[in-house]
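Look at the model first, then read on.

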Amino acid sequence: MGIVSWIVLGLLAGAIAKFLLPGRDPGGLVGTTLIGIAGSFIGGWLSAKFLHRPVAHNFFDIATWIAAIAGALVLLVLYRVLFGNSRD
């Protein structure tokens, strides 16, 4: 997959992560979108590096989607823990 595909996947992964983990985010929509993009890159890299599951060249591979969503969820949780009170 190319960089544009990862960005699109990241946008969708961020939206799914936000749906799975509702609540007020410190960064709002822009922060959640950036976390989704970063999570997709990190999730894909971790999947290829440590799980020996290389990222497929197919945009609709379920393992790629799971890795991207998991990465976005982890980053969203970390972001809330570190900066959770900034919108109070």
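H2 and H3 pack at an angle of about 125°, with their axes 7 Å apart. That angle makes H2 oblique to H3 (under 35 degrees counts as roughly parallel, over 145 as roughly antiparallel, 65 to 115 as roughly perpendicular and the rest as oblique). Axes are lines fitted to C-alpha atoms, for helices over the stretch in contact, and angles run from 0 to 180 degrees between N-to-C directions.

This is a predicted model: local features need pLDDT of at least 70, side-chain atom pairs count only at pLDDT 80 or more, and totals for chains, interfaces and linings use all residues. Residues are numbered from 1 along each chain as its sequence is written, and side-chain values use heavy atoms, with hydrogens and water left out.

**H2 against H3**
- The crossing of H2 and H3 is right-handed (the near helix is turned clockwise from the far one by less than a right angle).
- On H2, the contact residues include Gly36, Gly39, Gly43 and Gly44. Contact means heavy atoms within 4.5 Å.
- On H3, they include Ala67, Ala68, Gly71, Ala72 and Tyr79.

**H1 against H3**
- The axes of H1 and H3 come within 8 Å and cross at roughly 60°.
- H1 is therefore oblique to H3.
- This crossing, too, is right-handed.
- H1 contributes Trp6, Leu9 and Lys18, among others, to the contact.
- From H3 come residues including Trp65, Ile69, Leu73 and Arg80.

**Helix H1**
- H1 covers residues 3-20, 18 residues in total. Helices (H or I, at least four residues) are DSSP runs, numbered from the N terminus.
- Its end C-alpha atoms are 25 Å apart, close to the 26 Å expected at 1.5 Å a residue. The expected span is 1.5 Å times one less than the number of residues.
- Trp6, Leu9, Gly10, Ala13, Gly14 and Ala17 are its buried residues (under 20% relative accessible area, with a 1.4 Å probe and protein chains only).
- Seen down the axis of H1, these buried residues fall within an arc of 145°, so they line one face. The arc is that of the directions from the helix axis to the C-beta atoms.
- Val4 and Phe19, on the other side of H1, are exposed (over 50%).
- Cover for the buried residues of H1 includes H2 (28-50) and H3 (62-83).

**Helix H3**
- The 22 residues of H3 should span 32 Å at 1.5 Å a residue, and the end C-alpha atoms are 31 Å apart, which agrees.
- Its buried residues include Thr64, Trp65, Leu76 and Arg80.
- The buried residues of H3 pack against H1 and H2.

Terms used. Helix = DSSP H or I, 4+ residues; strand = E, 2+ residues; numbered from the N terminus.
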